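Have the sequence and the model side by side as you read.

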Amino acid sequence: MVLPVTTEVMVILTAKQGVTRQQIMAIMPSEIRETVKLYLDGKIRQWYSRGDGNGVVFFIDAKTREEAQAIMETLPLSKEHLMDYEYIPVGPLMPLVGLIGAGARQ
């Protein structure tokens, strides 16, 4: 099976069990500033609120989970150990290769 080339890493953030909204909101001003800096530096390509209201989703300009994790660890909520992170490498939709032929990727 051919795996897609990783072009970004999707990071899903949720508050750790037992962490209160007040704890998160106390850190939020610095979290927002640092997140905006990462966006302006091109490290964060997209960011979304989760539809269930339980966190956020970032698409990080990284080729590996470890690279994305290193970026996320610079943020205040991470430094305070308030969030859980799920890292999912993503890339081009592989079935599209069937439309153009495997040799066309080169």
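**Helix H1**

This is a predicted model. Helix H1 runs over residues 21–40 and has 20 residues. From its first C-alpha to its last it reaches 27 Å, close to the 28 Å expected. H1 has a kink of about 50 degrees at Met28. Gly42 follows H1, and its phi is positive, near 85 degrees.

Which residues of H1 are buried? They are Ile24, Ile27, Glu31, Thr35 and Leu38. Residues three or four places apart in an α-helix point the same way, because each turn has 3.6 residues. The cover over the buried residues of H1 includes strands S1 (8–15), S2 (44–49), S3 (56–60) and S4 (83–90). It also includes helices H2 (65–72) and H3 (76–79).

**Salt bridges**

The structure holds five salt bridges. Among them are these:

| Pair | N to O distance |
|---|---|
| Glu8 and Arg45 | 3.3 Å |
| Asp61 and Arg45 | 2.8 Å |
| Arg50 and Asp52 | 2.6 Å |

Glu8, Arg45 and Asp61 are linked in a network of salt bridges. In the Glu8 and Arg45 salt bridge, Glu8 lies in strand S1 and Arg45 in strand S2, so the pair ties together parts 37 residues apart in sequence. Glu8 is buried, at 12% relative accessible area. Arg45 is partly exposed, at 39%. Asp61 lies in the loop between S3 and H2, so its pairing with Arg45 ties together parts 16 residues apart in sequence. Asp61 is partly exposed, at 27% relative accessibility. Asp52, the partner of Arg50, is partly exposed, at 45%.

Technical notes: Residues numbered from 1 in each chain as written. Predicted model: local features only at pLDDT ≥ 70, side-chain atom pairs only at ≥ 80, totals over all residues. Heavy atoms only, no water. Helix = DSSP H or I, 4+ residues; strand = E, 2+ residues; numbered from the N terminus. Expected span 1.5 Å × (residues − 1). Bend = angle between axes of the 7 residues up to and from the residue. Buried < 20%, exposed > 50% of the residue type's maximum accessible area, 1.4 Å probe, protein only. Contact = heavy atoms within 4.5 Å. Salt bridge = Lys/Arg side-chain N within 4 Å of Asp/Glu carboxyl O.
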